[in-house]
Amino acid sequence: MRRCLLYDNNGIIYPVQGMETSSLFFTVLGEGDLSEVAELEARSFTTPWSAEQYRLMLRQGGCRLFGVRSGPDGAGGLLAYIAVSAHPGADELEVYNIAVSAPYRRAGAGKKLLRLALTAAARNGIVRALLEVRENNAPAIALYRSLGFTRVGTRPKYYPDTGEDAHVYACDLSTLQ
């Protein structure tokens with residue numbers, strides 16, 4: 001299996017073990033990518049976050065975005081992204097959103113992207129990841145469980161558009177290989 005290379009906004013390359021890359025390009029996203037993030041967000045969620053919301057979070061240091069682009073050099077469009085925030089004082093990573101373009105869902109890009117974010121967090125001393133997921137989002141729940149997340153709670157009527165509960169999942173990052 002080849003190593004995936006993650007490029008940050010300064011062109012620094014971080015090798016990531018155990019990820020077959022084929023024609024996928026994993027990268028850190030910045031303000032210049034937010035229109036694409038917002039477009040994918042709008043296609044993926046009933047209550048999408050705006051580019052401006054992400055911009056404010058990036059500027060305040062409260063968010064990190066990783067993305068998957070098509071093509072070995074990343075010249076293609078944005079196929080998936082994940083928005084996370086590390087809370088070093090609490091040793092926690094919060095997964096805000098993860099979205100994959102419809103034609104690429106259930107093809108492994110989302111799982112690889114989530115594993116990348118979890119691995120990066122673990123390498124930076126974060127010991128636990130948390131996320132919320134709609135109670136009826138079976139594909140997302142299956143993805144999270146496959147990476148070691150377990151259900152730790154419920155937020156009743158969390159989603160205002162449907163009144164659905166949010167299930168809270170946690171993952172011990174020390175178990176990552």
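The protein contains four helices and nine strands, where helices (H or I, at least four residues) and strands (E, at least two) are DSSP runs numbered from the N terminus. Read along the sequence, these elements follow the pattern β-β-β-α-α-β-β-β-α-β-α-β-β. The model is a predicted one, in which local features need pLDDT of at least 70 and side-chain atom pairs count only at pLDDT 80 or more, whereas totals for chains, interfaces and linings use all residues. Residues are numbered from 1 along each chain as its sequence is written, and side-chain values use heavy atoms, with hydrogens and water left out.

Of the 177 residues in the protein, 43% are buried; here buried means under 20% relative accessible area, exposed means over 50%, and partly exposed lies in between, with a 1.4 Å probe and protein chains only. Among the contacts with a separation of 6 or more, 52% are accounted for by residues 24 or more positions apart, a contact being defined by heavy atoms within 4.5 Å.

The pairing of the strands was examined next, with two strands said to pair if DSSP finds at least two bridges between them. Strand 5, which covers residues 78–87, pairs with strand 6, residues 92–100, in the antiparallel sense over eight bridges, and within these two strands Ala-80 stands opposite Val-100 of strand 6. Strand 6 also pairs with strand 7, residues 128–134, but in the parallel sense and over four bridges; here the bridge partner of Leu-93 is Ala-129 in strand 7.

Helix 3 itself spans residues 109–123 and includes Ala-109. This alanine is buried, with a relative accessible area of 6%, and, when neighbours within four places in sequence are left aside, Ala-109 is in contact with Leu-24 and Val-68. Ala-109 and Ala-80 are 29 residues apart in sequence, while the distance between them in space, from C-alpha to C-alpha, is 7.2 Å.

Several loop residues were also considered. Asp-33 is placed in the loop between strand 3 (24–29) and helix 1 (34–44), and at 16% relative accessibility this residue counts as buried. Not counting residues up to four places away in sequence, Asp-33 touches Val-28 and Arg-69. Arg-106, by contrast, lies in the loop between strand 6 and helix 3 and counts as exposed, at 77% relative accessibility; its phi is near 65 degrees, a positive value in a residue other than glycine. Lys-157, found in the loop between strand 8 (150–155) and strand 9 (166–172), has a positive phi near 50 degrees, again in a residue other than glycine, and counts as exposed at 67% relative accessibility.

The structure holds five aromatic pairs, where rings of Phe, Tyr and Trp (its six-membered ring) pair if their centres lie within 6.5 Å, and where planes under 30 degrees apart count as stacked, over 60 as edge-to-face and the rest as tilted. One of these pairs joins Trp-49 and Tyr-54, whose ring centres are 5.3 Å apart and whose planes meet at 40 degrees, so the pair is tilted. Trp-49 counts as partly exposed at 24% relative accessibility, whereas Tyr-54 is buried, with a relative accessible area of 0%. The rings of Tyr-54 and Tyr-81 have their centres 6.2 Å apart and their planes at 85 degrees, so this pair is edge-to-face. The pair links distant parts of the chain, since Tyr-54 belongs to helix 2 (residues 51–59) and Tyr-81 to strand 5, 27 residues apart; Tyr-81 counts as buried, at 0% relative accessibility. Through ring pairs, Trp-49, Tyr-54, Tyr-81 and Tyr-96 are linked into a cluster.

Finally, the cysteines were considered. A disulfide is a covalent bond between the sulfur atoms of two cysteines. The structure holds zero disulfides, a disulfide being identified as a pair of cysteine sulfur atoms within 2.5 Å. Cys-63 is buried, with a relative accessible area of 7%, and Cys-171 is buried with a relative accessible area of 1%.
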